[in-house]
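Have a look at the sequence and the model first, then read on.

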Amino acid sequence: MREQPFGEAMVDDEIAEVLAYHKGDVQAAIGTLLGDIRHLRWQLVLTEGAMGRGIVRGWRPSYDRDYA
């Protein structure tokens, strides 16, 4: 069984996979990733609207990363 990479090695592998999928076209890769971000943000909006307050005890999703 192949050992799973972690940390920077995993990120490098993921970047290589994305670029390979887009045949080395960096702009196409970025465009796809930005589209994924838009889609996931919309999914978060829909989820926030559908979830009850009692289930999550006042927790609200964050749409931006916390860079603390």
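Does threonine 32 count as buried, exposed or partly exposed, and at what relative accessibility?

1. Threonine 32 counts as partly exposed, because its relative accessibility is 34%. Buried here means under 20% relative accessible area, exposed means over 50%, and partly exposed is in between (1.4 Å probe, protein chains only).

2. A word on where this comes from: the model is predicted, so local features need pLDDT of at least 70 and side-chain atom pairs count only at pLDDT 80 or more, while totals for chains, interfaces and linings use all residues. Residues are numbered from 1 along each chain as its sequence is written, and side-chain values use heavy atoms, with hydrogens and water left out.

3. The overall plan is quick to describe: three helices and zero strands, in the order α-α-α along the sequence. Helices (H or I, at least four residues) and strands (E, at least two) are DSSP runs, numbered from the N terminus.

4. As for surface, 7% of the protein's 68 residues count as buried. The protein exposes about 6400 Å², and 59% of that is supplied by carbon and sulfur atoms. Accessible areas come from the Shrake-Rupley method with a 1.4 Å probe; for residues, only the protein chains shown count as cover.

5. Now the loop between α1 and α2 (26-50), where you'll find histidine 22. Histidine 22 counts as buried because its relative accessibility is 16%. Beyond its neighbours within four places in sequence, histidine 22 is in contact (heavy atoms within 4.5 Å) with Ala28, Ala29 and Thr32. Threonine 32 itself lies in helix α2. The C-alpha atoms of threonine 32 and histidine 22 are separated by 9.2 Å, with the two residues 10 apart along the chain.

6. Lysine 23 has its place in that loop between α1 and α2 too. Lysine 23 is exposed, since its relative accessible area is 79%. Check its backbone as well: phi of lysine 23 is near 55 degrees, a positive value in a residue other than glycine.

7. There are patches to look at. Patches are made of residues with over 30% relative accessible area and no salt bridge; like charges are joined within 9 Å, and nonpolar side chains (Val, Leu, Ile, Met, Phe, Trp, Tyr) within 5 Å. A salt bridge is a side-chain nitrogen of Lys or Arg within 4 Å of a carboxyl oxygen of Asp or Glu. Lys and Arg count as positive, Asp and Glu as negative, and His and the chain ends are not counted. The place of a charge is NZ of Lys, CZ of Arg, CG of Asp or CD of Glu.

8. Glu8, Asp12, Asp13, Glu14 and Glu17 form a negative surface patch. Glutamate 8 lies in helix α1 (residues 8-21), and it counts as exposed because its relative accessibility is 68%.

9. A nonpolar surface patch is made by Val26, Ile30, Leu34 and Ile37, which together have about 340 Å² of accessible area. Isoleucine 37 sits in helix α2 and is partly exposed, with a relative accessible area of 44%.

10. Finally, aspartate 64 is in the segment after α3 (53-56). Aspartate 64 is exposed, given its relative accessible area of 53%. The C-alpha atoms of aspartate 64 and arginine 41, 23 residues apart along the chain, are separated by 9.4 Å.
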